[in-house]
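Good morning, and thank you for coming. Please take a moment with the sequence and the structure before I go through selected regions.

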Amino acid sequence: MAHGPPADTAAVDADDSRHGAGRGSGRGSARGSGRGYHVAGRGPSGREDGGRGSGRGRGYGGGAEGRSSGPGAGGLDGAALNRKLIEASNSGGLEAVLEVVGSGDPERLNIVHCCTALNRICRLATSPAQRAELQDNPDFRRLLGRLTKVLKGCEAKSASVAAHACASLGISDEGALAAVGAAVHANCESFDRQGVATVLWALAKLPRAARGDVPIEALTRAALDIADDFTPQELANVVWALPQVGAKDQQLVQKLALVARHRVQQFTPQGLGMVALGFSSLGVFSEPLFNAISKAAQDQAGTCNMQDAAQILTAFAKFKIKDDDLLSALCSGVSGADWSRQSGECVTSFLWALGTLRRAQLAKPLLPPLLERIAQLAPTLRLRHVVLAMTGLAKVSAMAEELRISKPMHQASTVISERVSELVDRLDPQDLGLIAWAIALLGPPGKGPIIRAVSERASEVSDELSWWSVAHLEYAVRSQAGELGVPPELLLQPFLGCACTSEARLRKESLMFHAEPEAALVAAAPWESRSGDTGETGVPKRALVVGSARAVLKSLQDSGFQVEMWLRFCEGQRLGRAWPEEGVREDCKVCCLRHPGSSDALEFALHGAAAVLPKGARLWVFGHVQEGILGTRAALSPLFKLKRKPFGTGDARIWEAVRTKARAKQPFEAWLQDTSLDLGSGARPWLSVPGLFAGGGLDIMTQLLLSRLRLKLEGAPKILDFGCGNGVLAAGLLASREGAGSAGQLDFTLLDSDAAALDVARRNVPGARCVVGDGLEPLLAEGVASDSQRFDVIVSNPPVHRGRPDDWRALRGLLEGAGRLLRPRGQLWLVAQEHVPVGRLLACVSADGSWGVGGEAGLYHVTLEFSDGRFSVWLAELAAHWRPTEISTACATAAAAKGRGKKRRSSSASVRRSAAGVKPLKKKRKVPPGQD
């Protein structure tokens, strides 16, 4: 997006405040004090419709830095030359300023003259064309050459003004950029409030190389100290700049979010867009802040232009915030926009946001001119805007007929796809999958050759592909197999290694994510400083740990506590419980609770802990900021009283509270939610419990899987529902059989690691066998002696997250173990979002049941049964000649070889060996599948 100007780096006199061109990001911004270089309050850098400033600004008025020791060339002293630059800009425009710069000896220009000239040029060169011409202007080049020299040893104010000018004008001169970077570095500890805001904004706009080794941490520390003093305009620029410069100061981000929320009504629409976009780029979601931004944007929708609306909607789309009132207000506000003046960045971002939010119908009147403008700009769109346009078109395409935009949609898709074919070799590896996915969905002329070209390009950079890209490429290749001219597997084979390595990387990242809050709590060890928590002599101290927290458990044990654990979810050999054992433990004075990742699950966990803890017991709730730990305060009352503000390190936060006398909601049955659910044959009574996916109802993915299974299932199969939740999938299949007059023909086993969910499933699907466990381990441990004990079908809407992070351990365990539980020709049915590379992960399971790359044949014959571009239904059939006993023998042999201490570490062998350590069927494993 194009972004607003930085805060003024110097005082703005009365004329300047009245006549500065464009708009600032804040309303009624306070002016700086003193006199210095004028910086106009212009419109966004790069905005094509920015006006020209006509105010009269003051140049340098005093201070050692700007004094001239005598007459300069041409008979002018320093102050006179400065006045001449200002007069030239006010009367003669850009050419007049450059003429003054170019007349006479460049050595007469000191730092003040250079900064004044650059500021005036910034105000006058308002269009991209003018700025591009400047780069080759000899007088402007002379000015940059002089700037490079006089920046050495300059003061902070000069450094900030020069940085702003270089960023605003898009200067590419390496010498000037290096000098600016050095000047900023030298003054990092000296910038005032305006300087900090300006320099951060400028560094975000400048090329990465120009930042050099500028200590961003010093600037963010300074910003934290003065966050409350920023004007709205400065605040907007700082928030927008932080993600661009790679700043990761969580304390500063939280402070800025709080300040922005309380001052949100002071922002202009442009400022609102910059703040929203900044926080979304940081990946930090504050519900109160975004609610406040929504309200303020709706109030000012009439003054929004397309760029403001696009910025705000893009930010909300990144967080998938579907605010229909906001979207309707913004679309109404820009209904009279002059589409011929809208930039490629603006229109493509706007379309992408509409598509991502799945709310294109609310912008129906805008879509025809929007699509027409995109088609007009297609030949000149930048690469990033081509990607935005393609993905936006693909996301809106599902509603094209309903919205009656099929013709402009087809025209835009055709010209953008032609542009893609020209840019294939320049596409970023992470964009290749998105482009292939979009082409497959849109179906423009020549789609087959384009997808093939994109796939071949992806094979050249397969080591750089993300798993999202791999999944999107597989969808495109499989869905358009008849258009490619080559077998799909030939194009897909190079991506197999990426799927394997991505699974390992995600597992590592997930473990690190979950370990950080644990490490912070263990390091703080707050229980050790509380003498009142110790038991009497000879009486063990007792503590309760809620949730997965092995490091915390060990630390408490090392501190002398006898620890009781309540796990709702199974963890390895530790089985979950729907609710802790009844009864208050009067001697249990310490509790550590891992934030479960959602507000309703947190409430459930807090009440479960409160049912055990006596009054006065200490509670520490710990978690990651991305899990919502910052919103814990509201959930604590009235069961617990907050003792202090949250503390922690990095992204980990810990809340400390004490148990009150308020009664907990118990027992488990008190949490059962009586609802109704329509599974295709009318509403029926249904039970749920807090913390379930989709609230325990029928989500769209399960609905898609049900629709395919109803068409394909025959006879009376024995079915395993893996990750059953509260039984929606099983109940749906049973309901369809009942409607067909064939009740009782399905034999269901329900498996889940969530003990609370399984307890509810037992009530929703009476007669089904229910098994609680971490993955397939409980069933594998039982052993399977004959085909009659195996399953005909395994169905699953598998978990692909562990809390917040992506984590495929459960999915991998299912794919590896299913072959040992299915009969020959048995079927594994899966549904997942389109960006999960299920097909490639299935291909990672070799014929011997091991995991990795290099096998000649896979265990499954894989088919993409259905996909609408958002969700995919996969069918993996076990080949008739694969015998589970052969798989077991191969796995046992590999496990024995591993146990004898073979230490070879080749990349492919290590991946395969780690998964092949599966014991024979009747032997109980100590480590759950996917965790060895």
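Cys122 is buried in this predicted model, with a relative accessible area of 1%. Cys304 is buried as well, at 7%. How many disulfides does the structure hold? The count is 0. For Cys122, the reason lies in distance: the closest cysteine sulfur, that of Cys166, is 8.4 Å away, which is too far for a bond. The cut-off for a disulfide is 2.5 Å between the sulfur atoms.

The largest nonpolar core contains 213 residues. Which of its members touch the most other members? They are Phe140, Phe279, Phe350, Ile794, Leu828 and Tyr860. Let me take Ile794 as the example. Setting aside residues up to four places away in sequence, Ile794 touches Leu720, Phe722, Leu814, Ala818, Leu821, Leu822, Gln827, Leu828 and Trp829. As general background, nonpolar side chains in soluble globular proteins tend to be buried together.

Next, helix α8, which covers residues 174-186. Its 13 residues reach 18 Å from the first C-alpha to the last, close to the 18 Å expected at 1.5 Å a residue. At the start of α8, a side-chain oxygen of Asp173 comes to within 3.1 Å of the backbone nitrogen of Gly175. The buried residues in α8 are Ala176, Leu177, Ala179, Val180, Gly181, Ala183 and Val184. Against what do these buried residues pack? Their partners are α6 (138-150), α7 (156-169), α9 (193-205) and α10 (208-211).

A β hairpin comes next. Strands β5 (residues 640-647) and β6 (residues 652-659) run antiparallel and are joined by 5 bridges. Within this pairing, Leu642 stands opposite Ala657 of β6. The hairpin has 4 residues between its strands, and Gly648 adopts a positive phi near 150 degrees.

Finally, I would draw your attention to Arg478, located in helix α25 (residues 467-479). Its side chain makes a polar contact of 2.7 Å with the side chain of Glu474. Which residues does Arg478 contact once its neighbours within four places in sequence are left aside? These are Glu489, Leu492, Arg840, Val862, Leu864 and Trp874.

Thank you; I welcome your questions.

Key. Residues are numbered from 1 along each chain as its sequence is written. This is a predicted model: local features need pLDDT of at least 70, side-chain atom pairs count only at pLDDT 80 or more; totals for chains, interfaces and linings use all residues. Side-chain values use heavy atoms; hydrogens and water are left out. A nonpolar core is a set of buried Ala, Val, Leu, Ile, Met, Phe, Trp, Tyr and Cys residues joined through side-chain atoms within 4.5 Å. Buried means under 20% relative accessible area, exposed over 50%, partly exposed in between (1.4 Å probe, protein chains only). Contact means heavy atoms within 4.5 Å. Two strands pair if DSSP finds at least two bridges between them. Helices (H or I, at least four residues) and strands (E, at least two) are DSSP runs, numbered from the N terminus. The expected span of a helix is 1.5 Å times one less than its number of residues. A polar contact is a pair of N or O atoms within 3.5 Å; within protein, one must be able to donate a hydrogen and the other to accept it, and residues adjacent in sequence count only if both atoms are side-chain atoms.
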